[in-house]
Amino acid sequence: MNRRRLMYAGAAVGAGLAGWGASRLAPGSAKVGLDAEEMAFWASTLDLPDGQPQALASMKGKPLLLNFWATWCPPCVEELPLLDGFFRQHQSSGWQVLGIAVDQPSAVRAWLAKKPMAFPTVMAGLEGSALSKRLGNSAGGLPFSVLFAPSGKIVQRQLGQLSPQTLTQWRQSA
């Protein structure tokens, strides 16, 4: 009898912890205020391809679609025209897209010279992988996208290529 009670109690504690963890990581969870990872992100500055600093705080206040990518990542390169089209279509309604290149700056500059995009890209190098992990990319894979609400809260995350349908859903959720 005691053994059964311990099993039930253990299951209840496990379920509670799993629920707490899921609510903490779930996009759109009802947390109030920014968490430490979000505050650190907004306090960051990364360089544009020309070396000029881009304060990420300057992008707060409007929806921001953040996309981690690299020139050596085929799914990333395939996804970029979709993101560029999304940005061109929705920038007039306040939408922002920011590419974060997890790559060598020289490779990114050469790639952008051949295939310019309307939205900005910042250089993160190897630190980009750590930054994406802090924003919820536990696998560390690419491409990885994060949607921030105008408040600065993360409302969506996705590892792997985005689809037009996902972008439509995300646009409605921000």
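The count of disulfides, taken as pairs of cysteine sulfur atoms within 2.5 Å, comes to 1. This is a predicted model, in which local features need pLDDT of at least 70 and side-chain atom pairs count only at pLDDT 80 or more, while totals for chains, interfaces and linings use all residues. Residues are numbered from 1 along each chain as its sequence is written, and side-chain values use heavy atoms, with hydrogens and water left out.

The disulfide joins Cys 73 to Cys 76, with 2.3 Å from S to S. The link is right-handed, with 75° about the S-S bond. Cys 73 and Cys 76 are buried (under 20% relative accessible area; exposed is over 50% and partly exposed in between, with a 1.4 Å probe and protein chains only).

Cys 76 is also one of the buried residues of helix H3. Helices (H or I, at least four residues) and strands (E, at least two) are DSSP runs numbered from the N terminus.

| Feature of H3 | Value |
|---|---|
| Residues 74-90 | 17 residues |
| First to last C-alpha | 25 Å |
| Kink at Leu 80, shortly before Pro 81 | about 30° |

The bend is the angle between axes fitted to the seven residues ending at a residue and the seven starting there.

The buried residues of H3 pack against several elements, among them strand E3 (64-69), strand E4 (96-101) and helix H6 (164-173). H3 and H6 pack at about 35°, their axes 11 Å apart; axes are lines fitted to C-alpha atoms, for helices over the stretch in contact, and angles run from 0 to 180 degrees between N-to-C directions. Contact (heavy atoms within 4.5 Å) is made by Leu 82, Leu 83, Phe 86 and His 90 of H3 with Pro 164, Leu 167 and Arg 171 of H6.

Technical notes: Expected span 1.5 Å × (residues − 1).
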